[in-house]
Amino acid sequence: MIHDLLIAAAQALAIAALAPLVVGFTRRLKARLVGRRGPSPWQPYADLRKLFAKEVVVSENASWVFRATPYVLFAVMLVAAAVVPVLVARPAPAFAGNLILVMYLFLLGTFFLALAGLDTASAFGGMGSSREVAISALAEPTVILSVFALALRSGTIDLGGIVERLGAEPRLAANPAHLLAFGAFFIVMLAETGRLPVDNPATHLELTMIHEAMVLEYSGRYLALVEWASAMKLTLFMTLLANLFLPWGLPGGLTVAAMAGGLVALVVKLAALALLLALVETSVAKLRLFRVPELLAGSFALALLSVAAVFLVR
Amino acid sequence: MSRVAYSVAAALGALAAMIGISGLLGDTWVVTVPWAVPLGGLQLSMDRLAGFFVALIGFATIPVSLYAIGYAGDDRRGALPYVGFVIAMCAVPLAANVMTFAVAWELMALASYLLVVQKATNGTATHPGAPAADGSESHDASPHAGGRHAHDAAEATGAAWTYAVMAHAGFVCLLAGMLLLSAWSGSTRFADWRDTELTPLARDAVFVLLALGFASKAGVIPLHVWLPLAHPAAPSHVSALMSGVMIKLGVYGLFRVSLEWIGPAPAWWGVAILVAGTISAVVGVLYALVEHDLKRLLAFHSIENVGIILIGLGAGVLFLESGLGTLAVLGIAAALYHTANHAAFKGLLFLGAGAVVRSTGTRNMEVMGGLVKRMPWTAAMFLLGAVAISALPPLNGFVSEWLTFQALLQSLQVPHTGIGLVFVGGMAGLALTGGLAMACFVKAFGVTFLALPRSEAARSAVEAPGWMRLGMALLAFACVALGLGPTIVVPVLGLVAGDLTGEVTPLWFGDWLRLDVPGDFASLSTFAIAIALLVAGIVPLVVLRARGLTRRRVYETWGCGRLLQTSRMQYTATAFASPFRRIFDFLYQPAHALHVEAHPESRFFVDAIRYVHETRAVAEDWLYHPLSQALHDVTERIRGVQSGSTNVYLVYILAALVLMLVLG
């Protein structure tokens, strides 16, 4: 029991600590790719520190929903970090509700954030909320199908089981179906975390923005929590990608040394994924909002193909 | 007088809950009263499945009746049909032969018809202190009272008429199926049907008839047309019961048909149920998204949730056919769990909507807003129900959708590829439904309760009285309890499912804290997750407080330099749903019309703009309209037979007699 709690806490802390670095590192890579020097990868920590110290300005129209949302969002990401295989293949069973739980925890965060967007009676907030929930709803089927394709190949639906099985038999992963599922999940990650070509994380004032429009009214420590939670969501999606699709280096054992090894492997894989993300983001333009469903339909088709491929060859 | 009736209904609910629980735990009994009804007598019997549904009705009736004491007040209309409705509903799952079932089923339909038509009979508001008796479809902030009631009455009449027609069409199907089965098996008792040998064709025919009848009561698309009309037209406490439990009796029938009466089911029944469930779930929630009448929105969500229940049931039927008994129990238990959960959160949401409608005098979300500050209790309850119905952890909707997902994901054990793909479709549909339901309840709660009030009625809204809050609080408690206590509930439902499938091995492992689905599947502890969420949310709050970082300033919303912030600047429900309308335009078939009246001097001076945006109901356009047109044409032809002359009618009687003698 205590053991389980410690592992859960360790995973949550690891994600919380790494998240700003992942965002900062990706920004730095993007800057380098377009020929700028860019800020230090540690800049997001300084930003968070500054925001936490600042005064909060709350709209007079807002209710308690607006004030509670940053905490809900942050809590959701911490708990999700305890469920996903981050440092160990099998996190504490009391928290392991597998993929469905992770999906719906993210939805819980989106639900409250979208309500907060509506709460201030600002047109921007409503616009952002409406778009965010539309994209997140359309992304759900792809998430489940791409992971189901992996489950079909490894014969279990437990995230930890998939990680262990693929880690033990890497030849299972050397397969076109695996690549298709990876592609589908990657696109969903772009959509769910507000990256290009779905949403532009670098801009604040465009009528095409989604996530930033929704959180426009947040400031001070509330904004810090929201930003931190968004960074954690990105990190969690990347961790899922890293550990599900490239499940090597993740320890089955629960010793501190093994977990440290897992952390090192995770950092290496996250760095590689951040590079991929930066490459994608610098090479594509933002899509028009109503082209996004087509992109998501494409990712769904990839996931479906991946499942069908497994069905056909078995 | 009416308060007494509602108190009696609450007491009846408590009694039904107790009887149901004892049946659920394995108590069985049969009561026969031969003289009460013809053809076999009144016969009631209790088993686990019946116990489950009786308990469900009972538990739903208690809070709803308490709410009704505050809601209907001294309004006598509808009090007696309400009590009759409750009794008839309890009798349906207990009915043990065709005649008893038919009487109970018809009584239920009749009583609910009376409740739906209630507002058509008397158009004057009777609530002191409340703007209107119940919801009215007014699209401006200060509707003309007389016109509104006339409109209300017309709406209620139309809804009741559709409801009556659909209920009877369904009943005809049911009766035909049951009479065929009785003729073939030689018994009108349900228990005797199980052992009857039937040809596959006969079984399929009976299945189709009975499934159509029950599915129309359950509101499965495309048999759902009555549901979004009738549920909003009824008073809110009746809507809560109709949506929460009455349509579940259609689901109850589907359980009996596919698993017990004429089982074991062939694969195509399971496929049909699973596919119908998926379609209902996705299409139901898509229609809910573009609906701005709060109660109609909830009615469409009932269609969605029945779809989710049928996904679980269909999965169970398919697993049973594939010989995977353990998984069949998983699917069926998930369906039963969702049945109970839907009764809790949909009841809660309808009661919340009723409180809003009572206070603002309208069901139109576009004129609401800001109610969270004026009706804080109702808002909190509605938010809890919204979280539950969107299947967000850690509340009850999540638990049953999680179980349904587990059942679908386990399809990797089904060897048949075609059936595997059906499961994949169900999985994708369920995931999409989850996301869309979340989106829809962001709209329903956000537009109704948050931000600035959009009308005078919303600005002057007041909190619901105590009895109503009590009813909502009880259902909110049920949502939380069913969410945190699956380790207690699921084993009991496993017993019900075990009875239906003949699977008797112990199925559910785990301890008080954690629910383990058998095999190497997954485990879930909503309790642990709830605690973890609470701790993870409170820790940053405490840390920030401890460091003195609590400065807060209240200021106006940033408005791009605008000086005035009004409610017209916030997003409306229509605007919120607009991305969905564009993405799914193949379903909505939207029609736009923009009329701009410009000043005669210059087209840049606009006098008036009228924008009409309608979505069309595909089922009505493509299925019901041609059908009713054809029916109309046929009856028009037959009309010639009715000349009105007595002599001709006598000839008809003579001809009929002769014909019967010849045939007999």
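Modeller: Happy to! Let me start with a cut-off: a residue is buried if 20 or more other C-beta atoms, placed from the backbone, lie within 10 Å of its own C-beta. Please keep in mind that this is a predicted model. By that cut-off, helix α6 of chain A, residues 159-168, is mostly covered, with eight of its 10 residues buried. The buried ones are L159(A), G160(A), G161(A), I162(A), V163(A), R165(A), L166(A) and G167(A). What do they pack against? The buried residues of α6(A) have α4, α5 and α9 of chain A as their packing partners.

Those partners lead us on to chain B. Between the two chains, 72 residues of chain A are in contact with 69 residues of chain B. On the chain A side, the elements that give two or more residues include α4 (98-119), α5 (123-154) and α9 (220-245), along with α2 (43-53), β1 (56-59), α3 (64-83) and α11 (292-313). The largest share of that side comes from α5(A), with 19 residues. Sorted by class, the side of chain A that touches chain B holds 49 nonpolar, 15 polar and eight charged residues.

The strand in that list deserves a word too. β1(A) pairs in the parallel sense with strand β5 of chain B, residues 552-555, over four bridges. Within this pairing, V58(A) stands opposite V554(B).

Now for the partner chain as a whole. Chain B has 24 helices and seven strands, and 56% of its 664 residues count as buried. Its C-alpha trace spans about 90 × 75 × 55 Å along the principal axes. A compact globule with 664 residues would have a radius of gyration near 26 Å, and the 26 Å of chain B agrees with that. Of the contacts in chain B with a separation of 6 or more, 81% join residues 24 or more positions apart.

One helix pair gives an example from inside chain B. The axes of α2(B), residues 48-72, and α9(B), residues 236-261, come within 9 Å and cross at roughly 170 degrees. The two helices are therefore roughly antiparallel. Among the residues that meet there are L49(B), F53(B), I57(B) and Y71(B) from α2(B), and H237(B), L241(B), K248(B) and F255(B) from α9(B). The residues of this contact divide into 15 nonpolar, four polar and one charged.

Conventions. Residues numbered from 1 in each chain as written. Chains lettered and ligands numbered in written order. Predicted model: local features only at pLDDT ≥ 70, side-chain atom pairs only at ≥ 80, totals over all residues. Contact = placed C-beta atoms within 7 Å. Nonpolar A, V, L, I, M, F, W, Y, C, P; charged D, E, K, R; others polar. Pairing = 2+ DSSP bridges. Buried ≥ 20, exposed ≤ 12 C-beta atoms within 10 Å, placed from the backbone. Rg over C-alpha atoms; globule rule 2.2 N^0.38 Å. Axes fitted to C-alpha atoms, helices over the stretch in contact; angles between N-to-C directions. Parallel < 35°, antiparallel > 145°, perpendicular 65-115°, else oblique.
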